[in-house]
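Visitor: Please show me one part of this model up close. Take me through it step by step.

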Amino acid sequence: MSAALALWRGGRWERATAAVLVLVWIGTALAHFDSLNPPWVIIGLDGATLLFLLYLALYSKRRWTIWATAFQFLLMANHLAFVRFHELEQWAYVTAYYVWGDAVLLSLMAGAIWRARKTTPAVAQNPGNMDRAERSELRSGDRRGDPADDAGGADARCDDADRQRDARIAVNEDENATEHD
């Protein structure tokens with residue numbers, strides 16, 4: 001349900017996360033799991049998911065990604081506790097695994113739901129607080145989820161605007177440096 005909601009109502013980051021989580025779910029379902037050995041394949045998949053969510057939390061500027069990353073980190077801590085203290089009961093390990101995994105999915109659902117809300121005027125006035133996808137959506141109107149938002153010139157216009165802003169900043173820094181000399 002969370003992946004379907006993210007694909008339907010979410011933006012680029014929510015859709016990418018839904019795709020990653022579906023792939024990890026398939027890999028986890030196909031991986032061999034026994035109670036005698038740590039599930040190294042599952043641990044590897046969850047570790048890669050943690051790195052992906054950490055990237056999102058750092059670069060997407062969306063609040064839900066921070067929560068999803070935190071819950072994925074707790075899921076990894078659960079894995080490492082089981083590896084270190086293998087005498088833990090199996091039901092506790094699996095229960096905690098599903099609790100933290102469901103919390104990641106709930107974070108994604110929250111992100112997809114709040115994604116549909118309009119941009120606040122304060123954010124719209126300061127494009128520096130938005131990522132490229134959000135700026136592109138503001139320029140193209142209220143076409144949330146439209147694949148055309150990511151196609152063609154939207155990213156090029158964002159790149160041009162970024163280059164112009166960087167050039168203005170560089171000129172201001174040069175002027176400030178010459179004033180102090």
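Guide: Met109 touches Ser2 and Leu5, leaving out residues up to four places away in sequence; touching means heavy atoms within 4.5 Å. This is a predicted model, where local features need pLDDT of at least 70, side-chain atom pairs count only at pLDDT 80 or more, and totals for chains, interfaces and linings use all residues. Residues are numbered from 1 along each chain as its sequence is written, and side-chain values use heavy atoms, without hydrogens and water.

Met109 and Leu5 are 104 residues apart along the chain, yet their C-alpha atoms are separated by 6.7 Å. Met109 sits in helix 5 (residues 90-115); a helix is a DSSP run of H or I, at least four residues, numbered from the N terminus. Met109 is partly exposed, because its relative accessible area is 22% (buried is under 20%, exposed over 50%, partly exposed in between; 1.4 Å probe, protein chains only).

Now look at His79, in helix 4. His79 is buried, with a relative accessible area of 0%. Beyond its neighbours within four places in sequence, His79 contacts Ile42, Ile43, Asp46, Tyr93 and Tyr97.

Tyr97 leads on to the second largest pocket. Its volume is about 690 Å³. Of its 29 lining residues, Trp25, Tyr97, Tyr98, Gly101 and Leu105 are the closest to the centre. Helix 5 gives the largest share of the lining, 11 residues. By class, the lining has 21 nonpolar, six polar and two charged residues. Nonpolar covers Ala, Val, Leu, Ile, Met, Phe, Trp, Tyr, Cys and Pro; charged covers Asp, Glu, Lys and Arg; the others, Gly among them, are polar.

A pocket is an open set of points on a 1 Å grid over the protein atoms alone where a 1.4 Å probe fits, with protein on both sides within 12 Å along at least five of seven lines; lining residues have an atom within 4 Å of a point. Points join across faces, edges and corners, and the volume is the space filled by probe spheres set on them.

Terms used:
Helix = DSSP H or I, 4+ residues; strand = E, 2+ residues; numbered from the N terminus.
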